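Let's walk through this model together, one region at a time. Keep the sequence and the 3D view side by side as you read.

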Amino acid sequence: LSNLSLDVPRGHRIGIVGRNGAGKTTLLKLICGNFAPPHGEVEVNGGVQALMNIGLGFHPEYTGRENVEASLQYNGLGRAEYQQAIEGVIEFCELGDFLDQPFKTYSLGMQARLMFATATAIRPDILIVDEVLGAGDAYFVAKSKIRVEKLVSSGCTMLLVSHSMQQVLELCDEAIWLDHGRVRMQGPAFLVVKAYEEYLHGPLGTVL
């Protein structure tokens, strides 16, 4: 990242696009506090819930239910809130009997559903999603969109990294195009995605 200056207001849904190596995941890791920038500073106001890698933080030998329970126990919930959160995860992910099977036996799509449901069971201040939704099918993405809209309407901020421009358009109001560690364009999601796709594939109607 080079000379990158960014201000993300509360309650915004922002997609981050760019080619591999553009700095998208690096930016998210800085916001999560995974490492400190050698220059400049990152100021984050609020708690961050991050989905950066499929399976990260979930024990492969534990069942889906055990992983959910373990994850939610660290949130300091009362008994009633804790039980309500677990029931919300179970209802959202729709895994049925698979919930009591080891997490390592899940497909990537099933893992994504369980992780997303768990991460959003309690409203975080900031939700960061890096490609995790890409493992889901259209039905899961549609459910995720409804969940994200509810979170954002309650004040949650979302940052989404995705190579799926359709997901960015469906889930985000704004977008940032990173290129070689710099912001090449920032604005309404439709305009940024359009410019980025024209950069990759040429203007619509042009034969390459």
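Where is His 180 found? His 180 sits in the loop between strand S5 (174-179) and strand S6 (182-188). Helices (H or I, at least four residues) and strands (E, at least two) are DSSP runs, numbered from the N terminus.

Before going further, a word on the ground rules. This is a predicted model, in which local features need pLDDT of at least 70 and side-chain atom pairs count only at pLDDT 80 or more, while totals for chains, interfaces and linings use all residues. Residues are numbered from 1 along each chain as its sequence is written, and side-chain values use heavy atoms, with hydrogens and water left out.

The phi of His 180 is near 50 degrees, a positive value in a residue other than glycine. His 180 counts as exposed, at 68% relative accessibility. For such labels, buried means under 20% relative accessible area, exposed means over 50%, and partly exposed is in between (1.4 Å probe, protein chains only). Asn 3 also has a phi near 50 degrees, a positive value in a residue other than glycine. You will find Asn 3 in the segment before S1, where it is exposed with a relative accessible area of 71%.

Now turn to helix H5 (residues 138-153). Its 16 residues should span 22 Å at 1.5 Å a residue, and the end C-alpha atoms are 23 Å apart, which agrees; the expected span is 1.5 Å times one less than the number of residues. The buried residues of H5 are Phe 140, Val 141, Lys 143, Ser 144, Arg 147, Val 148, Leu 151 and Val 152. They pack against strand S1 (13-17), helix H3 (79-93), helix H4 (108-119), strand S3 (126-130), strand S4 (157-161) and helix H6 (165-171). Contact here means heavy atoms within 4.5 Å.

Just after H5, Gly 155 takes a positive phi of about 110 degrees. Cys 156 is in the loop between H5 and S4. At 1% relative accessibility, Cys 156 counts as buried. Not counting residues up to four places away in sequence, Cys 156 touches Gly 11, His 12, Arg 123, Pro 124, Asp 125, Leu 127 and Leu 151.

What about the interior? In soluble globular proteins, nonpolar side chains tend to be buried together. A nonpolar core is a set of buried Ala, Val, Leu, Ile, Met, Phe, Trp, Tyr and Cys residues joined through side-chain atoms within 4.5 Å. The largest nonpolar core has 41 residues, and those touching the most other members are Val 17, Leu 95, Leu 114, Phe 116, Leu 127 and Met 158. H4 gives the most to this core, with 7 residues. A second, separate core of 12 residues includes Ile 14, Ile 16, Leu 28 and Ile 176. Leaving aside neighbours within four places in sequence, the contacts of Val 17 include Lys 24, Ser 162, Met 165, Ile 176 and Tyr 196.

Next, look at the charged side chains. Side chains of opposite charge can pair when their charged atoms come close. A search of the whole structure finds 6 salt bridges, each being a side-chain nitrogen of Lys or Arg within 4 Å of a carboxyl oxygen of Asp or Glu. One of them joins Glu 61 and Lys 104 (3.1 Å, N to O). This pair links distant parts of the chain, 43 residues apart: Glu 61 is in the loop between S2 and helix H2 (64-72), and Lys 104 is in the loop between H3 and H4. Glu 61 counts as partly exposed, at 48% relative accessibility.

Another salt bridge brings Asp 100 together with Arg 65, the closest N and O atoms being 2.7 Å apart. Asp 100 lies in the loop between H3 and H4 and Arg 65 in helix H2, so the pair ties together parts that are 35 residues apart in sequence. Asp 100 is partly exposed at 41% relative accessibility, and Arg 65 is partly exposed with a relative accessible area of 29%. Asp 179 forms a salt bridge with Arg 184, with the closest N and O atoms 3.0 Å apart. Here Asp 179 counts as buried at 17% relative accessibility, whereas Arg 184 is partly exposed at 44%.
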